[in-house]
Amino acid sequence: MWGVPIHHSSSLSMSSSLVAVLQMTSTNDKGQNFETCRRLIEQAQARGAIMVFLPEAFDFLGLNGTETQALAEPLSGPTISNYQALAAKHKMGLSLGGFHRVHGDKMLNTHVLIDDQGQISGTYAKTHLFDVEIPGQVRLKESDYVIPGDQICDPISTPAGKIGLGICYDLRFPEISLGLARKGADILTFPATFTVPTGMAHWETLLRARAIETQCYVIAAAQIGQHNPKRASYGHSMIIDPWGTVLAHCGQGEGIICAEINLDYLASVRKNMPVAQHRRSDLYGLAMIDDISGTVDQDEVRNFGQVQISGRCVVFETRTAFVAVNKKPVVPGHLLVIPKRHNVPRLCDLTTDEVSDLFLAVQKAEMLAEKHFECNASTVNIQDGEEAGQSIFQLHVHVLPRQAGDFKRNDDIYNELETHDKGDDVKWRSEEEMAKEAEELRRTFWAMK
């Protein structure tokens, strides 16, 4: 059944793109499911859509865990290959909402984005698993056969806008949506197999809430109807604008809906109600481990108290902090973690958000140094104020990977830390030496990601 757009212009502006959402009833017949998707994707192309969004479990829905495991495939298997060929043939992007991806003796519920050349442009493994039992209504334990993902992916650039990937139950956790919006998402996606009881109670409310609070478009492709004797889905696929208006809604049965993604309109909503600027980061934060980036602008000079640090000597950075190699290391791998906000003298002067982000950077710096220098212990020291031993008058954290026997007495490291950069005979490292170490650490960083 074709959905009816509630708000759709017949002519697209330069900042607009037409997208389509596919609603279907998957079964354990993978071939039939693909034929359904192929037919509906071709209908979407005929209507002028540049991208089609498929629901979670577009590949199949098994009768039980054993069958589900047997039907799962690797990312390089025939199912994804067929969709890559389909995308390339029709020159359309595809959002494959939840693919049963083999991972050891279980699976990853994986959102796969394919570009209009048929190439995989991004993947996301579902992080929040649906383990819920409502007596007399719903009992599903996704963790019986699925492993949760361990990272939130950066938004992916597409002709329709920057897309943030989520899956189904992720919808109930606003932190992931707010984090994706902060990372630049224009569109949030929540392909789903919502149950009928939870869908009736919460589906539209949650989708509109995520759109309103992030000021993003929300695209939600849903499964509908009876998949097998034990499983049914709510349906009601939707496209919602950044104001929370439902642009298109698919009713009962299989079909597609279409609506415009207008990035000029999105920008006007954010300009007229600038909630992102009004957030009180001094009172609350939203630090995310995936805010850490190993892509460093090596031409940018970083300010550090009364001195400057070449970008060549920066190992990685977060939203509010950066990690650099030390000009006079106490031990090999001695790193500095420094707030980006210049001349912040004390820990108490950081906002809640900056504190959270700073210590995520410290944690990652410690893991990186221990990996690179093959050790399993570190000394972490905060020089918080002049009387705490600062020679550079800005808050910073020392991360010092430790080796067995590196000091005669363990606490001697603090004496060395106090004196290592003071006096007239200090032998400072050259920028070339520091840049070489930073480059080696960046390679290790990327190997760890």
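This is a predicted model: local features need pLDDT of at least 70, side-chain atom pairs count only at pLDDT 80 or more; totals for chains, interfaces and linings use all residues.
Colleague: What is the strand order of the open sheet of five strands, and which are its edge strands?

Modeller: Helices (H or I, at least four residues) and strands (E, at least two) are DSSP runs numbered from the N terminus, and two strands pair if DSSP finds at least two bridges between them. The pairing in this open sheet is antiparallel, and the order is S20-S21-S22-S24-S23. Each edge strand pairs on one side only; these are S20 (314-317) and S23 (378-383).

Colleague: Over how many bridges do S23 and S24 pair, and which residue in S24 stands opposite Asn381?

Modeller: Strand S24 covers residues 396-401, and its antiparallel pairing with S23 runs over six bridges. Within S24, the residue opposite Asn381 is His398.

Colleague: Which helices pack on the sheet, and what angles do they make with S22 and S23?

Modeller: Contact means heavy atoms within 4.5 Å; axes are lines fitted to C-alpha atoms, for helices over the stretch in contact, and angles run from 0 to 180 degrees between N-to-C directions. Helix H8 (residues 352-372) touches S20, S21 (321-325), S22 (335-339), S23 and S24, and its direction makes about 165° with that of S22. Helix H9 (residues 412-419) touches S23 and S24, and its direction makes with that of S23 an angle of about 45°.

Colleague: Is Gln383 buried or exposed, and with which side chain does its own side chain make a polar contact?

Modeller: Gln383 is placed in strand S23. Buried means under 20% relative accessible area, exposed over 50% and partly exposed in between (1.4 Å probe, protein chains only), so Gln383, at 5%, is buried. A polar contact is a pair of N or O atoms within 3.5 Å; within protein, one must be able to donate a hydrogen and the other to accept it, and residues adjacent in sequence count only if both atoms are side-chain atoms. At 3.1 Å, the side-chain partner of Gln383 is His398.

Colleague: Where does Asn33 lie, and which backbone oxygen does its side chain reach?

Modeller: Asn33 lies in helix H1 (residues 30-46) and counts as buried because its relative accessibility is 3%. Not counting residues up to four places away in sequence, Asn33 touches residues including Met24, Phe58 and Tyr83. At 2.9 Å, its side chain reaches the backbone oxygen of Thr27.

Colleague: What is the relative accessible area of Phe58?

Modeller: Phe58 is found in the loop between strand S3 (51-56) and helix H2 (65-71). Beyond residues up to four places away in sequence, Phe58 touches, among others, Asn33, Cys37, Leu96 and Gln223. Phe58 is buried, with a relative accessible area of 0%.

Colleague: How many disulfides does the structure hold, and which cysteine sulfur is nearest to that of Cys258?

Modeller: A disulfide is a pair of cysteine sulfur atoms within 2.5 Å, and the structure holds zero. Cys258 counts as buried because its relative accessibility is 2%. The nearest cysteine sulfur is 10 Å away and belongs to Cys250.

Colleague: How many residues has the largest nonpolar core, and how many has the other core?

Modeller: A nonpolar core is a set of buried Ala, Val, Leu, Ile, Met, Phe, Trp, Tyr and Cys residues joined through side-chain atoms within 4.5 Å. The largest has 47 residues, and those with the most contacts inside it include Val19, Phe53 and Trp203. Leaving aside neighbours within four places in sequence, Val19 is in contact with residues including Phe53, Ile239 and Cys258. Apart from this core lies another, with Phe304, Val314, Val397 and Phe445 among its members, and its size is 32 residues.

Colleague: Which phi values do Lys91 and Asn343 have?

Modeller: Lys91 lies in the loop between helix H3 (78-90) and strand S4 (93-103) and is exposed because its relative accessibility is 53%. Asn343 lies in the loop between S22 and H8 and is partly exposed because its relative accessibility is 43%. Neither residue is a glycine, yet phi is positive in both: about 55° for Lys91 and about 60° for Asn343.

Technical notes
Residues are numbered from 1 along each chain as its sequence is written. Side-chain values use heavy atoms; hydrogens and water are left out.
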